[in-house]
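The sequence and the coordinates are shown first.

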Amino acid sequence: MLRRGHRAVHSRAHIGAPFLAALFLVAGCERPSPTGASPLVIAPEDSLGLSRDLLANATQPAGGALPFLTLAEQQAFARGSVVFQTVFTPATGLGPTFNDVGCAQCHQSPIVGGTGEDIETHATAFHNGTCDDLVAQGGPVIQDSVTPALHAALGIVKEPIPPAATGVGRRTTPLVLGFGLLDAIPDAELLALAEFERRSPDGVYGRPHTLPNGRVGHFGRKANVATLREFVAGAFTAEIGVTDPESPLEENVGGLAIPLGVEQTPQPELSQADLEATDAFVTFLSPPRPQPLTLAAERGLGVFLRIGCAQCHFPVLFTGPNRVPALSDRYVFAFTDLLLHDMGPGLADICRINARPADFRTEPLMGLHLKVAAGTALLHDGRALTLDQAITLHGGEATLIRDRFLVLSPTEHAALLSFLGAL
């Protein structure tokens, strides 16, 4: 085949987003002066459970299953782990266009469910406030590899970018650890958090990405996918070229139908049972364990709160009641609000549904230390190689907060990076 190479815990009662936000961003920190200078008035150990002990004990080891799974859930997790790590071939459904040969080939560093080195291409068109995903022309995911049969039929080595595209974006591989907990965050939690952010003195106004079906997007760099199940099913088709009962149609190739004889397998290529098992595996993956906080990192938490990072990278969300006990009434230290924010023209690339080119969902910071340790590129498009670069490239709504970062003292700067590097 032709492809590129690789290489004290709070009670279970729901506190609510506005109350948490008020504690973090109002009671904890004075409103910054116009120059960005603001005295540190909040100690890390007073930050509503963000002390060293709670951070260190909030999760199970990365790559393992959540605690309190039933026997049936454990069995589904184990079966899904096998499917997740399966390497597909054209004879078992791969392609005819694809970005990789299996889930774990992208999500594998340093453990299964982690990050990877892959950077893929997406393309859309944005005209007069309306987004076209260019599905009829091969978008929005532009696969970079093809099977030998497709190469023989069309003479291409990758899918072409649609000529109608007005935006082309690069996308790094996300961690999927803890995604089941993010999936369990109720839409109402995000709506309440967005309502609170409207009172931000810094112009940080996150908005939920409300999708055509009325759901609020949780996944994708543009929050354009509502549920983890949709995210998993769609990834099989878009990333591996393997159809499943919930995404049963092969994508076209640059707007052209797949030539006869190229496909070796009947559709759908993945069984319902294997799809459900894979969904269970990703749903029950434990979030990554933060690194032990040094004294400098604890000070860095205070800097993180003071300069305003927590206005988007909101430290803790709450799952609320859930039919799955392992996901029910859980605090999630994800450091995201899962809302869209305008990040300015410097980062703008593609649109997705109701998300404009400059709109991006706040990236969860949980597991950031895994990306740093693996040396993988940062930001949605991989343009940043260091935490310093990633922060400096923030624009739009984050401009004021970025500018506060740029004038930190060397001690504060080092402390903040130490904290981020422990998440």
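## Cysteines

Both Cys 131 and Cys 351 are buried, where buried means under 20% relative accessible area, exposed over 50% and partly exposed in between, computed with a 1.4 Å probe on protein chains only. The two residues form a disulfide with their sulfur atoms 2.2 Å apart, a disulfide being a pair of cysteine sulfur atoms within 2.5 Å, and by this rule the count comes to one disulfide. The pair links distant parts of the chain, since Cys 131 is in strand S3 (residues 130–132) and Cys 351 is in the loop between strand S9 (340–342) and strand S10 (359–361), 220 residues apart. Helices (H or I, at least four residues) and strands (E, at least two) are DSSP runs numbered from the N terminus. The torsion about the S-S bond of Cys 131 and Cys 351 is about 85°, so the disulfide is right-handed.

Cys 103 is in no disulfide, and the nearest cysteine sulfur, that of Cys 106, is 8.4 Å away; Cys 103 is buried, with a relative accessible area of 13%. The sulfur of Cys 309 is 9.0 Å from the closest cysteine sulfur, in Cys 312, which is too far for a bond, and Cys 309 is likewise buried, at a relative accessible area of 18%.

## Basis of the model and overall figures

This is a predicted model, in which local features need pLDDT of at least 70 and side-chain atom pairs count only at pLDDT 80 or more, whereas totals for chains, interfaces and linings use all residues. Residues are numbered from 1 along each chain as its sequence is written, and side-chain values use heavy atoms, with hydrogens and water left out.

The protein has 14 helices and 10 strands, and of its 423 residues 56% count as buried. Its accessible surface comes to about 17300 Å², of which 59% belongs to carbon and sulfur atoms; these areas come from the Shrake-Rupley method with a 1.4 Å probe, and for residues only the protein chains shown count as cover.

A nonpolar core is a set of buried Ala, Val, Leu, Ile, Met, Phe, Trp, Tyr and Cys residues joined through side-chain atoms within 4.5 Å. Of the 49 residues in the largest such core, Leu 182, Phe 236 and Val 282 touch the most other members. The elements that give two or more residues to this core are H3, helix H4 (103–106), H6, helix H7 (187–197), H8 and H9, and the largest share, five residues, comes from H8. Apart from this core lies another, of 32 residues, among them Leu 293, Phe 318, Tyr 331 and Ala 422.

Helix H9 (residues 272–283) has 12 residues and reaches 16 Å from its first C-alpha to its last, close to the 16 Å expected at 1.5 Å a residue, the expected span being 1.5 Å times one less than the number of residues. The buried residues of H9, including Leu 275, Phe 281 and Val 282, pack against helix H3 (71–84), helix H6 (179–183) and helix H8 (228–240). Not counting residues up to four places away in sequence, Phe 236 touches, among others, Val 83, Cys 103, Leu 275 and Thr 278, where contact means heavy atoms within 4.5 Å.

Thr 362 lies in the loop between S10 and helix H11 (368–374) and is buried, with a relative accessible area of 6%. The side chain of Thr 362 makes a polar contact with the side chain of Asp 337 (2.8 Å); a polar contact is a pair of N or O atoms within 3.5 Å, where within protein one must be able to donate a hydrogen and the other to accept it, and residues adjacent in sequence count only if both atoms are side-chain atoms. Leaving aside neighbours within four places in sequence, the residues in contact with Thr 362 include Cys 312, Phe 335 and His 341.

Phe 335 has a positive phi of about 55° although it is not a glycine. Phe 335 lies in the loop between strand S8 (331–332) and S9 and is buried, with a relative accessible area of 1%.

## Other backbone features

The peptide bond from Gly 139 to Pro 140 is cis, with omega near -5°, and a cis peptide bond also joins Gln 267 and Pro 268, where omega is about -10°. Pro 140 is found in the loop between S3 and strand S4 (141–142), while Pro 268 lies in the loop between H8 and H9.
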